[in-house]
Amino acid sequence: MCPLIPPELVGDIPVNKYPLNWTVIESRYKTVVNGSHRPEKCTARHKVALLIPYRNRARHLRIFLNHMHAFLIKQQLDYGIYIVEIDEDIPFNRGFLFNVGFKEASSDYSYDCFIFHDVDLLPQNDHNLYNCPDQPRHLSVAIDKFMYKLAYSTNFGGVSAMTKEQFTTVNGFSNFFFGWGGEDDDLYNRLVYHKMTISRTMSDVARYTMLSHKQATRNPQRIKLLRSGKQRMQTDGINSLEYKVLQKIHRKLYVHVTVTLEESALRPFKKFSLSGNTTIFRRSAANFDLS
Ligand code: BGC
């Protein structure tokens, strides 16, 4: 077994925000294969899948992968990185993409811990351990953009960690939150409903740099969806997930999954779209700036 505290951790680490080219990044991580890595000299204590919902952030992705592989290797994890995308016709949906990532990663390997991670957040301290404790853990406690202050006490967005069992118990994320906001608050409500409490790493360790980007359009339906969340909890989540895989490619530094939703699978969401019509819902994606 690898030691409880990985021996090479140093605390604060530099964050390189310059996007290196793919060849350079790939050559830095010779031992990473299919987006995965495990320690050579000991048996990892944790099998961790990092799930990243993604759209149109090629520059961020290079910065992220360059930073994260070094970080995770040092933590002596048996890990895999999954970049999950939805067809461009359909508005972005963070919760749905995490559910897809959870299923796809679980079908590849016996991961026991899942880290739900935004692509624009980079940990600044390697004592911030990417494993799953007894209770769900919120990791992105202190972000530079927000003056290293937690926005509100129930926040569970940005970067969070849950065991396979915890995520299955709460039925994953809701699939209904298209656009920006609310899906993490809804997940928090699911945890509370199931009598889980969230744990947090100390804010001097759980520090993150946020890469800059345009603020996405807020989903005007999110408050309404949050209020009705409890009624949907048992039927909206990983047990109701429907999608079609357009491609699943095991690249060197990550597994790239792209999915779509059939028109029929979009129907339950239509009243939460901007127009209330699934056909226009598809077309409206272009005007719905979610990148
Ligand atoms: C949104 C969350 C988001 C949080 C912090 C809330 O208003 O509903 O999804 O994580 O703000 O930005």
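I count a pair of cysteine sulfur atoms within 2.5 Å as a disulfide. My model is predicted, so local features need pLDDT of at least 70, side-chain atom pairs count only at pLDDT 80 or more, and totals for chains, interfaces and linings use all residues. Residue numbers start from 1 along each chain as its sequence is written, and side-chain values use heavy atoms, with hydrogens and water left out.

**Disulfides**

I searched the whole structure and got two disulfides. One of them joins Cys2 to Cys42, with S to S at 2.0 Å. Cys2 sits in the segment before helix H1 (22–28), and Cys42 in the loop between strand S1 (36–37) and strand S2 (47–54), so the pair links distant parts of the chain, 40 residues apart. Helices (H or I, at least four residues) and strands (E, at least two) are DSSP runs here, numbered from the N terminus. I also noted the handedness: the Cys2 and Cys42 link is right-handed, with 90 degrees about the S-S bond.

**Ligand**

Next I asked what surrounds the ligand: Tyr152, Asn155, Trp180, Gly181, Gly182, Asp184 and Asp185, each with a heavy atom within 4 Å. For polar contacts I took pairs of N or O atoms within 3.5 Å. A polar side-chain atom of Asp184 is 2.5 Å from a ligand oxygen atom, and one of Asp185 is 2.6 Å from a ligand oxygen atom. Gly182 uses a backbone N or O atom, 2.9 Å from an oxygen atom of the ligand. The protein covers 72% of the 310 Å² of accessible area (Shrake-Rupley, 1.4 Å probe) that the ligand has on its own.

Notes. A polar contact is a pair of N or O atoms within 3.5 Å; within protein, one must be able to donate a hydrogen and the other to accept it, and residues adjacent in sequence count only if both atoms are side-chain atoms.
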